[in-house]
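Morning, everyone. I have one structure to walk through today. Please have a look at it before I start.

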Amino acid sequence: MSHQSRIVAYLPSLRVLVRRLRPAPAAPQSLGSLLTSAPQPTMPSFHLQTPLDNPFVSNDQFPLPGNVASISDQASILDQGTTIFAHEKTDQSSSSPRVLECSVQKSPDFLQQSFLDLFPDARPIGDLMVITLCQKTLNDMTAWTAAVQEERQELLENFIESAKCICGKLAAGGYWANFIDPSSGRAFIGDAYSPNTLFETDDRLRHFGFDIVDLGCCKCISHHLWGMHAFVGVLFTNAPPQSPVLRELVQQ
């Protein structure tokens, strides 16, 4: 697979994506313990360039360096070891709309080191593969309303549960795998701290089929089919594209 090649599949939901993975041996204890002790997900922060220009958030809601507004509401992780999508409302029938895009692509060489810097305790051997899971949203993600906040929290929980399952399958197959927590921009698995982050508005995601739109008051990721009705999560692995798990993820 060249760095320009992307393998893409469209599915009704994350539930369907996870269910298509074949049963595999339990993940190594080290991975399981890391998942169990992982931090709880919270709403992703919005990176706003100029607080005064933001019509949705007042100035006193920018307490963090770099004019970052964070949401204090937290939701507990769903029961560890069980993939449950309590908030998923998508019909699972064969005729249901495709509202999930799963993409597998080799990292461009010039980006590989910057991605590896996100995982200071990992030195995977082989090419770095990037898996993006894009969920179509009901709401326009450029707005900031209670409905948007609630939907993002639900999609965040669903993504994290799915990513934990996928990484467990890859680890059981002998590969390294980790993913980025959209709420923090940092690696979900592992205790090693990295100052490097990857948020969904990062320009590096332009190389993986997305556009990053500068709205003046903030940035928003845009999908080529769904526009700004998109929530994106990113996983990394050294599993080759012909490995069983990656083939199952993008099978049509």
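**Contacts, a hairpin and some rings**

Start with contacts, meaning heavy atoms within 4.5 Å. Take those in the protein between residues at least 6 apart in sequence: 74% of them join residues at least 24 apart.

Some ground rules. This is a predicted model, where local features need pLDDT of at least 70 and side-chain atom pairs count only at pLDDT 80 or more, while totals for chains, interfaces and linings use all residues. Residues are numbered from 1 along each chain as its sequence is written, and side-chain values use heavy atoms, with hydrogens and water left out.

Now the overall picture. The protein has 5 helices and 10 strands. Those are DSSP runs, numbered from the N terminus: helices are H or I with at least four residues, strands are E with at least two. Of the 252 residues, 52% are buried. Buried means under 20% relative accessible area, exposed means over 50%, and partly exposed is in between, with a 1.4 Å probe and protein chains only.

Next, the hairpin. Two strands pair if DSSP finds at least two bridges between them. Asp214 stands opposite Lys219 in strand 9. The hairpin has 4 residues between its strands, and Gly216 in the turn has a positive phi of about 95 degrees.

On to a charged side chain. Is Glu151 buried or exposed? Glu151 counts as buried because its relative accessibility is 9%. Glu151 sits in helix 4, residues 146-172. Beyond its neighbours within four places in sequence, Glu151 contacts Thr137, Leu138, Asn139 and Met141.

Last, the rings. Rings of Phe, Tyr and Trp (its six-membered ring) pair if their centres lie within 6.5 Å; planes under 30 degrees apart are stacked, over 60 edge-to-face, and the rest tilted. That rule gives 7 aromatic pairs. Take Phe115 and Phe208: the ring centres are 6.0 Å apart and the planes sit at 55 degrees, so this pair is tilted. Phe115 is in helix 3 (residues 109-116) and Phe208 is in the loop between strand 7 (186-187) and strand 8, so the pair ties together parts 93 residues apart in sequence. Both Phe115 and Phe208 are buried. Phe179 and Phe188 have ring centres 4.7 Å apart and planes at 20 degrees, so that pair is stacked. Phe179 and Phe188 are buried as well. Finally, ring pairs link Phe115, Phe119, Trp176, Phe208 and Phe236 into a cluster.
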